[in-house]
Amino acid sequence: LKEGKMLKRVVHAKFLVLFAALFFAFLSGCAKPPTMEIEKAGKAVAEAKQKEADLYVQDTFSKAEEALKKAKSYVDEKKYKEAKASADESLGLAQQSITMIEPNKAKMKADAEQIVLDVQNSLNELKATVVKAIRKKAQINREEIQGAIGKFEIDMVSAKEQLQAGKIRQAYDQLISVQQQLKSQKDSLDSSLGIATAEKK
């Protein structure tokens, strides 16, 4: 009987040791850095950038980059669970941004082509306003305005060339800048014309 009890105790003790060993092995298995997940996310972010997601899907792409940075930071802090979650998030966002590149690029191209027409009309209006201001003897700096108009026209040629070369983002940004500068120039001229008209009255 004693031998039977002793045998049971030994078996029980061995079982406990084995269970503890398995449990700690499981824990250590969970406590590994998510190297593969981070690598996958890194490749997806690099691919998205190569396809110009940073230009055409800026918000989603920057979130993917941020999540990847967080994942690496969590690894440094040995927070492997959080690191894996951030790596998975980064991968998802990077893949999502890749699918959005072409539609966003097409929309931006259409918007840029519309801005070209709007800017051309605004340039014509500005030239007509300059002629009006000269006739009404408004206090304007003709050389400065003519120089600005010349620059706008050169910028427009450059933007159109970029559009044709497929550099949609660069063209779009340049056109927006020209549009804003043109508006500022026109507002300034209108103000000078208003003063000249008021003085004549």
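Reader: Is K78 buried or exposed?
Author: K78 counts as exposed, at 61% relative accessibility; buried means under 20% relative accessible area, exposed over 50%, and partly exposed in between, with a 1.4 Å probe and protein chains only. K78 is found in the loop between helix 4 (58-76) and helix 5. Helices here are DSSP runs of H or I with at least four residues, strands are runs of E with at least two, and both are numbered from the N terminus.

Reader: What about the phi of K78?
Author: The phi of K78 is positive, about 60°, although K78 is not a glycine. Most residues other than glycine have a negative phi.

Reader: Before we go on, what should I know about the model and the numbering?
Author: This is a predicted model, where local features need pLDDT of at least 70 and side-chain atom pairs count only at pLDDT 80 or more, while totals for chains, interfaces and linings use all residues. Residues are numbered from 1 along each chain as its sequence is written, and side-chain values use heavy atoms, with hydrogens and water left out.

Reader: Thanks! Where does E52 sit?
Author: E52 is in the loop between helix 2 (35-50) and helix 3 (53-56). Its phi is also positive, near 75°, in a residue other than glycine. E52 is partly exposed, with a relative accessible area of 29%.

Reader: And which residue takes a positive phi just after helix 5?
Author: That is K137, with a phi of about 55°.

Reader: Let's zoom out. How many helices and strands does the chain have?
Author: The protein chain has seven helices and zero strands. Of its 201 residues, 28% are buried.

Reader: Where is the kink in helix 5?
Author: Helix 5 (residues 80-135) has a kink of about 40° at I101, shortly before the proline P103. The bend at a residue is the angle between axes fitted to the seven residues ending there and the seven starting there.

Reader: How does helix 5 cross helix 6?
Author: The axes of helix 5 and helix 6 (residues 142-164) come within 11 Å and cross at roughly 165°. That makes helix 5 roughly antiparallel to helix 6, a label for angles over 145 degrees, where under 35 is roughly parallel, 65 to 115 roughly perpendicular and the rest oblique. The axes are lines fitted to C-alpha atoms, for helices over the stretch in contact, and angles run from 0 to 180 degrees between N-to-C directions.

Reader: Which residues meet there?
Author: From helix 5, the residues include V116, V119, L123 and L126, and from helix 6 they include I145, I149, F152 and M156. Contact means heavy atoms within 4.5 Å.
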